[in-house]
Amino acid sequence: MDKYHITVLNFPGAHLCLSMSETSRPGNYLPSLSYDGCEFPVYPTDKNLHTHITQVRDLPVRQEDVFIIGYPYSGCSSLWNILSSLWTPSTDDHHGRTGQFHMLDCTSADHLVDLSSPRILHSHYPPRYLPSQILTHKPKILYLLRNPKDVCVSQYIHTERGRGRGDKTFQDFLDAFLNHSTGYGGWFHYVRQYQQTFTEHRDLLVHTLRFEDTQTNPYKQTRGLCKFLDVDMDEEAISDLVEACCDASLIQPTKRVKKEGSSDSMATTPDIYYTEGQVGEWKNWLTVTQDEEFDTAIRQHLDGTEVELGIRYSL
């Protein structure tokens, strides 16, 4: 096994001995690489993971950049589309694209450098793998947070059933999720790391968006987003934007996530990968025993910070 030694400054986990190898640990339903114990999805790229992460860490940051950060299936893709509309309200330039093309995790650094400002950069990376200049250039950060039960269900639907695999049960995936084996170090470690980072670096410009709040009152959340980003948009324009995004299932998510009760069949239409599920969908999936397992893990890993994080499990 090859080992790489790099120095990562300022973020928690500053000096890391990084090892990279193919992983086949139970619970990995997409191709992944293990990097210092943190599993990363394998995206199409002409560079290995070590090279790519090093280049992302060294990426020059601009003060006018906007970073969308969040664990997978927390609403990041939908938010990217909304921001694209905010910055290109009178054109169709953003249509037909996805946040993937501006995603740090799978886009070459050369391409990211060539993007014009303002760049909307999307990443699922834990904090220690983000560009180090974030700490000095202070770009605006949109941090998305969603309750872990719905994240788990949404991730299972997309990675296991939505992509036509169907060879693992939801219990298999739940076991993997609670044991931090579903990518990026697992939801619990991921959230705690960002909580620690934002506490230690209070001068960072961070706006936290909770997925559940965006569903309860998308108008209020969009107004807050405009204010944070200094986007001048009147109430009518905000209303039009919200309505358009709702119609496109970008804010108000699709209700197709569970089809025909316990059926394992699901259509694999393109939009299924960029819709995030319903608030409280976990109630249709978790049994009483599974819910108790989840609650035990929440108490163990969040250690009383659940209220501080503002996590909600229903509307």
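Mentor: Start with pairing: two strands count as paired if DSSP finds at least two bridges between them. Keep in mind that this is a predicted model.

Trainee: Okay, in which sense do β3 and β4 pair, and over how many bridges?

Mentor: Strands of a sheet pair through backbone hydrogen bonds, either parallel or antiparallel. Here β3 (residues 32–35) and β4 (residues 38–41) go antiparallel, over four bridges. Ser-32 sits opposite Pro-41 of β4. Two residues lie between the strands of this hairpin, and Asp-36 has a positive phi near 55°.

Trainee: What is the strand order in the open sheet?

Mentor: Read it as β6-β5-β7-β8, four strands with parallel pairing. Since β6 (120–123) and β8 (205–210) are the edge strands, each has a single partner, so one side of each lacks a neighbour in the sheet. From one strand to the next, the twist averages 20°.

Trainee: How many bridges join β7 and β8?

Mentor: Six, in the parallel sense, with β7 covering residues 140–145. Lys-140 has Leu-205 in β8 as its bridge partner.

Trainee: Which residues of α6 are buried?

Mentor: Buried means under 20% relative accessible area. In α6 (residues 170–178), the buried ones include Phe-170, Phe-173 and Leu-174. Just after α6, His-180 takes a positive phi of about 65°.

Notes: Residues are numbered from 1 along each chain as its sequence is written. This is a predicted model: local features need pLDDT of at least 70, side-chain atom pairs count only at pLDDT 80 or more; totals for chains, interfaces and linings use all residues. Side-chain values use heavy atoms; hydrogens and water are left out. Buried means under 20% relative accessible area, exposed over 50%, partly exposed in between (1.4 Å probe, protein chains only). Axes are lines fitted to C-alpha atoms, for helices over the stretch in contact, and angles run from 0 to 180 degrees between N-to-C directions.
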